[in-house]
Amino acid sequence: MEVVKPIIAIGLGRSGSSVFQRMLAEHPNVAWLSLLCDRYPSKMNLNRMLMQGIDYPLLRFFLRKRFVPGEYYRFWEHHARGFRRPCRDLLAGDVTNAHKERPTKALADTLTRKRYRFLGKITGWPRIGFLHEIFNDVKIIHIVRDGRAVAASLMQVGFWRGWHGPHQWRWGPLSAEHQMEWQKHDKSFVALVGIQWKIITEAIEKTKKHLRDKDFLELRYEDLCAEPMQMIKMVAEFSELDWSMRFEKAIQAYSLVSANYKWQKFFTLQQQEILEQVLGQSLGKYGYR
């Protein structure tokens, strides 16, 4: 089969993209990467068998409990060297002939007659230019969440490397503007995690212009939590996926709570002030107070 109009969700980690992907993965016509792709990236037929298996009612409950959609970067790195942890955003000019051939063939091998649309998710660098160069009809969905809530969440997870400073994290050296901003706040880690949110959103703003309007959608996580059915219907229409009662019933099973208030409990008043100084104008662009 051929990969046509793949759907890729992007966004900074801890922005709600995981639950969004799981919700959209309930659609009966989408295929997605599973743990099998991470363990056996060269054997995509195994993932295709999984996609076929979850369409059998007797197997569906067991398989969906054991296997969930995710990012699975070992798959991406196996088929597109350098994709996993680049020091900057990946652009169209970074795509080699091998990059064009291997991921498309591998993803095609996981599609089935029923699940003929691929749904993926990546976090961190958006890689929009890179993905668009490989899949010229890709549909990108940016999941954005209040940067203050993201900052609080990132500082509580083990994979946030900001503690080592920007010379050892994954987001490259700070620009002169961001370096001055960090120094202004005495190299505060709270300021640094806010700068990270800006770096990623700025990269998305810069590269989304390469896509047609009909191929890029922005979805606030807070709106998804407030009106999940309405938001998923909008996403389905954007993604050109048919709506069905079976899909609607699956979406109704999800109960979402944004919990954005927790950032105010996590940060001191002084830290909140620093974060809001760093994020002020950027938050306003996305409709946050």
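**Pockets, a helix crossing and selected residues**

The largest pocket is lined by 42 residues, and those nearest its centre are G13, R14, E71, T123 and F159. The model is a predicted one, in which local features need pLDDT of at least 70 and side-chain atom pairs count only at pLDDT 80 or more, while totals for chains, interfaces and linings use all residues. Residues are numbered from 1 along each chain as its sequence is written, and side-chain values use heavy atoms, with hydrogens and water left out.

On a 1 Å grid over the protein atoms alone, a pocket is an open set of points where a 1.4 Å probe fits, with protein on both sides within 12 Å along at least five of seven lines, and lining residues have an atom within 4 Å of a point. The volume of the largest pocket is about 950 Å³, a volume being the space filled by probe spheres set on the grid points, which are joined across faces, edges and corners. Its lining divides into 17 nonpolar, 15 polar and 10 charged residues (nonpolar: Ala, Val, Leu, Ile, Met, Phe, Trp, Tyr, Cys and Pro; charged: Asp, Glu, Lys and Arg; polar: the others, Gly among them). At least two lining residues come from each of α1 (17–24), α8 (147–154) and α14 (262–266), and α1 gives the most, with five. Helices (H or I, at least four residues) and strands (E, at least two) are DSSP runs numbered from the N terminus.

The second largest pocket has a volume of about 380 Å³. It is lined by 18 residues, with D89, W125, I199, A203 and K206 closest to its centre. Helix α10 (residues 189–207) supplies the largest share of this lining, five residues. By class, the lining of the second largest pocket has eight nonpolar, five polar and five charged residues.

Helix α1 also packs against another helix. The axes of α1 and α12 (residues 228–239) come within 11 Å and cross at roughly 70°, where axes are lines fitted to C-alpha atoms, for helices over the stretch in contact, and angles run from 0 to 180 degrees between N-to-C directions. The two helices are therefore roughly perpendicular to each other (65 to 115 degrees). In this contact (heavy atoms within 4.5 Å), F20, M23 and L24 of α1 meet P228, I232 and V235 of α12. The contact of α1 with α12 has six nonpolar residues, no polar and no charged ones.

Some single residues are also of interest. I195, which lies in helix α10, is buried, with a relative accessible area of 0% (buried means under 20%, exposed over 50%, partly exposed in between, with a 1.4 Å probe and protein chains only). Not counting residues up to four places away in sequence, I195 touches L174, H178, E181, W182 and V278. S282 lies in helix α15 (residues 269–285) and is buried at 13% relative accessibility. Leaving aside neighbours within four places in sequence, S282 is in contact with W197 and K198.

Most residues other than glycine have a negative phi. K5, in the segment before β1 (7–10), has a positive phi of about 50° although it is not a glycine, and counts as partly exposed at 27% relative accessibility. A259, in the loop between α13 (245–252) and α14, has a positive phi of about 55° and counts as buried at 18% relative accessibility.

Conventions:
Parallel < 35°, antiparallel > 145°, perpendicular 65-115°, else oblique.
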